[in-house]
Amino acid sequence: MKAFLRYREVWLLAAIVVLIGLISTRFPGFADPANLRQVFNDTSILMILALGQMVVILTRSIDLSMASNLCFTGMVVAMLNAAHPAIPIPLLIVIALLVGLVLGAINGLLVWRLNIPSIVVTLGTLTIYRGATFVISGGAWVNADQMSAEFIGLQRAAFLGIPVLSWIAILVIALFFLVMTRTALGRSIYAIGVNPTASVYAGIDVGRTKFIVFCISGMIGGLCGYLWISRYVIASVEVANGYELNIIAACVIGGISIAGGIGSVGGAVLGALFLGIISNALPVINISPFWQMAISGSAIILAVVLNARGERRQGRIILKKAEAA
Amino acid sequence: MTDTPAPHHIPDRLDNPFTAAVFSWEALLVAVAVAIFAVNSFASPYFLDAWSLSDLTFNFTEKALIALAMALLIISGEIDLSVAAIIALASTMMGMAVQAGAGTPVLVAIGIVVGLGCGAFNGVLVTRLGLPSIVVTIGTMSLFRGIAFIILGDQAYKGYPASFAFFGQGYVWWVVSFELTLFLIAAVVYWFLLHRTSFGRRVFAIGNNPVAAQFSGVRVGRIKFILFCLTGLMAGIASVLITSRLGSTRPSIAQGYELEVITMVVLGGVSILGGAGSILGVVLAAFIMGLVTFGLGLLNVPGIVMSIFIGLLLIIVIALPILWRRVRRERFA
């Protein structure tokens, strides 16, 4: 039991349950399973994005370009769909994944080959990818009436009573869980975050692994490009503007350490859910949506304070000393 | 930030001072600035005009003021992503004061004090509680702007007194604006602080090795706290300028400025990992960004396309010296 309580995810889950309980006192229908399913569906895109960001942060890097990647890829698939409605949706999803992969690989190559800090690289590509969206679209929007019914309808189709969007999120969560806990790649990602120097001696190619995590976050950005556009049925240059910080916020609330090496799939998912619940709950309990920003800001600060206390473990300090020496 | 630093390459002999100056980062920036200036002069007949060039400075002075303090903060190994949100909060507070009938001196004081207070809040969280600044300031960024949104919602504050307009719109002499004058004075002050005082040496020492600095008797926490306060202060001053220039306050004011400020600092040759950089570089980078955006603006290039150029400039200017060093090392190895 004591060991069980040490897991941050347990505390986060408890916080979420308390949050839902509090909201239910003001709006009894909130804890209804149907409503919770809706909240999960609303948060699916953020959860998927947070997982992509998580693997990057675990290796002591950061990807600020995810939202711009999402915007660009979303525009590409929306324009393809508008121009050639005959292209099957699964093929469009593959295209979205590939476009996202290319954008992620550009980040990864700059980090790997030129050794430029990831925050600088992705700060640059953040503006470049969004600017490129303007260039390919000429500033025009792709509206709902230009998209095909399948393009919009796929994620809304229900399978076993749950929308396909939620199934995609569940699938991605399962995939990340397998990779992070059951594969050599997952172990390498954690190892690099905990101690890059030791990882090199352990035979891990640190640069290549960083390249791979940027490819992963790029593919996730691309996938979410399609999901976002087909959900909000408008593709423009302004899509997901500034959303990169929400993604990082979800990770931070989920207990993923910005210093790398600490964090889990469950944490990222719960962190995203926490933000999703707040944004869903505010309108129904009659709090102005203008409060949302300040509330999530406070949640982030609170989460960092709590996480920092959890991270002050003896083992980690010894490693830091060895690293400094 | 958190990336692993590259292993140090120690040359057999040092370059002589002349070659060192020619190959310095600042020289590269001057070359880039001259090139952009020349291209602009050829591309648009409206560019080489005293008033055009004066307008150009309004593009970057507010961000550049913050970049001066941000440079010191990044050299010390920290970062502040909340500066744009501080501008929004300080501007909102000034707007509230206007509704209550405050005069110009009170407005300026409120803007500066709110900025300083926000900076101190960041500083306490980072230095007292030992939290990573990148995460803390992502949080306070939402918090500060969030408070502005709670107060203002979708409304706007207007009705600033006429005398308040001087800070963002006034000219000190001929085409020299108050904003530009303030920026140049601030640049000299920060240059002196960083490159000519023991405080500046301590900032570099902390950025290179905080543990060694601590053992050498440098009060790491206190200096970082002062740097966060300075950054907040500059954001407060920038808030006065931008509010005065626009004459109104919306909670979305200065959105996205934080990334432009950081781009300016990094372009100016400040290492994002801390420990290296110069004020001259940051000032040059500010002028370069102003030249690029203004020149492209004269050619009717939309703002979002300009941002591609800024992004490319950032990556290319960082990548070039790395590639250059690699080529040189391979030749002499």
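Is the crossing of H4(B) and H14(B) left-handed or right-handed?

A: The model is a predicted one. In it, the crossing of H4(B) and H14(B) is right-handed. Two packed helices are described by the angle between their axes and the distance between the axes. For helix H4 of chain B, residues 61–75, and helix H14 of chain B, residues 279–298, the angle is about 150 degrees and the axes are 10 Å apart. With angles over 145 degrees counted as roughly antiparallel, H4(B) therefore runs roughly antiparallel to H14(B).

On the H4(B) side, the contact is made by B:Ala64, B:Ala67, B:Leu68 and B:Ala71. H14(B) supplies B:Ile279, B:Val282 and B:Ala286. The numbering on both sides can be read with the helix repeat in mind: an α-helix has 3.6 residues a turn, so residues three or four places apart point the same way. By class, the contact of H4(B) with H14(B) has seven nonpolar residues, with no polar and no charged ones.

Helix H4 of chain A, residues 66–83, packs with H11(A) at an angle of about 55 degrees, and the axes are 7 Å apart. At that angle H4(A) is oblique to H11(A). The crossing in which H4(A) passes H11(A) is right-handed. From H4(A), the residues in the contact are A:Met66, A:Asn69, A:Leu70, A:Thr73, A:Gly74, A:Val77 and A:Ala78. From H11(A) they are A:Ser217, A:Gly218, A:Gly221, A:Gly222, A:Cys224, A:Gly225, A:Tyr226, A:Trp228 and A:Ile229. The contact of H4(A) with H11(A) divides into eight nonpolar and eight polar residues, and no charged residue takes part.

H11(A), residues 206–232, is also among the elements that cover the buried residues of H9(A), together with helix H3 (33–58) and helix H10 (196–201) of chain A. H9(A) covers residues 184–194, and its buried residues are A:Ser188, A:Ile189, A:Ala191, A:Ile192 and A:Gly193.

A:Cys251 counts as buried because 29 C-beta neighbours lie inside 10 Å. Apart from its neighbours within four places in sequence, A:Cys251 is in contact with A:Ala50, A:Gln53, A:Met54, A:Ile57, A:Ile256, A:Ala268 and A:Gly271. A:Phe159, by contrast, is 92 residues from A:Cys251 in sequence and 29 Å away in space, C-alpha to C-alpha.

The two chains also meet. In that interface, 45 residues of chain B are in contact with 46 residues of chain A. On the chain B side, the elements that give two or more residues are helix H7 (133–152), helix H13 (257–267) and helix H15 (303–332). H7(B) gives the most, with 14 residues. The chain B side as a whole has 32 nonpolar, eleven polar and two charged residues.

B:Ile315 lies in helix H15 of chain B. Leaving out residues up to four places away in sequence, B:Ile315 touches A:Leu110, A:Val121 and A:Gly124. B:Ile315 is buried because 20 other C-beta atoms lie within 10 Å; 20 or more is the cut-off for a buried residue. B:Tyr157 is 158 residues from B:Ile315 in sequence and 39 Å from it in space, C-alpha to C-alpha.

Some totals give the setting. Chain B has 15 helices and two strands. Its radius of gyration is 21 Å, close to the 20 Å that the globule rule gives for 333 residues, so chain B is as compact as a globular protein of that length. The C-alpha trace of chain B spans about 70 × 55 × 30 Å along its principal axes, and 49% of its 333 residues count as buried. In chain B, 78% of the contacts between residues at least 6 apart in sequence join residues at least 24 apart.

Chain A has 15 helices and two strands. The radius of gyration of chain A is 20 Å, close to the 20 Å from the globule rule for 325 residues, so chain A is as compact as a globular protein of that length. Its C-alpha atoms fill a box of roughly 60 × 55 × 35 Å along the principal axes, and 50% of the 325 residues count as buried.

Conventions
Residues numbered from 1 in each chain as written. Chains lettered and ligands numbered in written order. Predicted model: local features only at pLDDT ≥ 70, side-chain atom pairs only at ≥ 80, totals over all residues. Contact = placed C-beta atoms within 7 Å. Helix = DSSP H or I, 4+ residues; strand = E, 2+ residues; numbered from the N terminus. Nonpolar A, V, L, I, M, F, W, Y, C, P; charged D, E, K, R; others polar. Axes fitted to C-alpha atoms, helices over the stretch in contact; angles between N-to-C directions. Parallel < 35°, antiparallel > 145°, perpendicular 65-115°, else oblique. Left-handed = near helix turned anticlockwise from the far one by under 90°. Buried ≥ 20, exposed ≤ 12 C-beta atoms within 10 Å, placed from the backbone. Rg over C-alpha atoms; globule rule 2.2 N^0.38 Å.
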